Amino acid sequence: GSYFSDARLRRRLTSGSGPEGGGMKFSRVWAMPSPWTFTIPPIAAFLSRHGVGNGLWVDPFAGQNSPAAIRNDLRPDSVAEYHLPASVAAQIEGPFDGMLFDPPYSPRQIAECYSSAGLKCGVEETQSGRLYRLVRENLGHKIKTGGKVLSFGWSTVGMGDGWEIKEIMLVCHGGAHNDTICMAEEKKQGELLWPSRRSTRETTR
């Protein structure tokens, strides 16, 4: 049976065949958890079918197993090209064909990332919503029209106006583990993110 009671919603979620066939693809799979997201087999396949490795991709939270060409990681001993706090990732020059957005999923995980890099972490740094917004705003406008952002985490907030969701895949890890939500979005126009918010701020200054 389906978890969706509205037949129209079910048709919308499952219409087409995903990125190639039109509509938005929705699926649920199972896989063992791993601290390195991109090594999980169905997620590795998700990256492949959305063209990661073709063109110039950026990853502001790279870790140790990112396939992106331009990588950023706080730890100075990592293999990344940049070692910046992700909130100031605007310093990374574009344009890009796509972005991998796999941030720490909780304030505790953010604190652990800072600690592993030997850095102090205050209340401001652990505000995950603020961090996600800054990174999306700083790098989203550097993605080419037609480019993609692949997001991983515990929500489907996404990139905002001007982006179309192409696929959502839930990866169940069993037991008490949270699912990993994988979302692919495509940039449909060359605007900055959340124009209504930006215009509101500008008019109230």
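## Serine 151 and its surroundings

Serine 151, which is part of strand β5, touches Phe101, Arg136, Ile181, Cys182, Met183 and Glu185 when residues up to four places away in sequence are not counted, and touching here is contact in the sense of heavy atoms within 4.5 Å. Strands, like helices, are DSSP runs numbered from the N terminus, with at least two residues (E) for a strand and at least four (H or I) for a helix. Serine 151 counts as buried because its relative accessibility is 6%, where buried means under 20% relative accessible area, exposed over 50%, and partly exposed in between, with a 1.4 Å probe and protein chains only.

This is a predicted model, in which local features need pLDDT of at least 70 and side-chain atom pairs count only at pLDDT 80 or more, while totals for chains, interfaces and linings use all residues. Residues are numbered from 1 along each chain as its sequence is written, and side-chain values use heavy atoms, with hydrogens and water left out.

## Isoleucine 181

One of the residues touched by serine 151 is Ile181, which is placed in strand β7, residues 180-187. Isoleucine 181 is also buried, because its relative accessible area is 14%. Its own contacts, again without residues up to four places away in sequence, include Ser151, Phe152, Trp154, Ile168 and Met169. Between isoleucine 181 and isoleucine 43 there are 9.9 Å in space, C-alpha to C-alpha, although the two are 138 residues apart in sequence.

## The nonpolar cores

A nonpolar core is a set of buried Ala, Val, Leu, Ile, Met, Phe, Trp, Tyr and Cys residues joined through side-chain atoms within 4.5 Å. The largest one has 18 residues, of which Ile92, Phe96, Met99, Phe101, Val135 and Val149 touch the most other members. Two or more residues of this core come from each of β4 (96-101), α4 (128-140) and β5 (143-153), and α4 gives the most, with four.

Another core, of 17 residues, lies apart from the largest one and has Leu150, Phe152, Met169 and Cys182 among its members. Valine 135 is in contact with Pro60, Phe61, Ala86, Ser87, Phe101 and Gly140, leaving aside its neighbours within four places in sequence.

## Cysteines and a cis peptide bond

Cysteine 182 counts as buried because its relative accessibility is 0%, and cysteine 172 is buried as well, with a relative accessible area of 12%. The structure holds zero disulfides, a disulfide being a pair of cysteine sulfur atoms within 2.5 Å.

Glycine 94 and proline 95 are joined by a cis peptide bond, with omega about 5°, and proline 95 lies in the loop between β3 (70-71) and β4.
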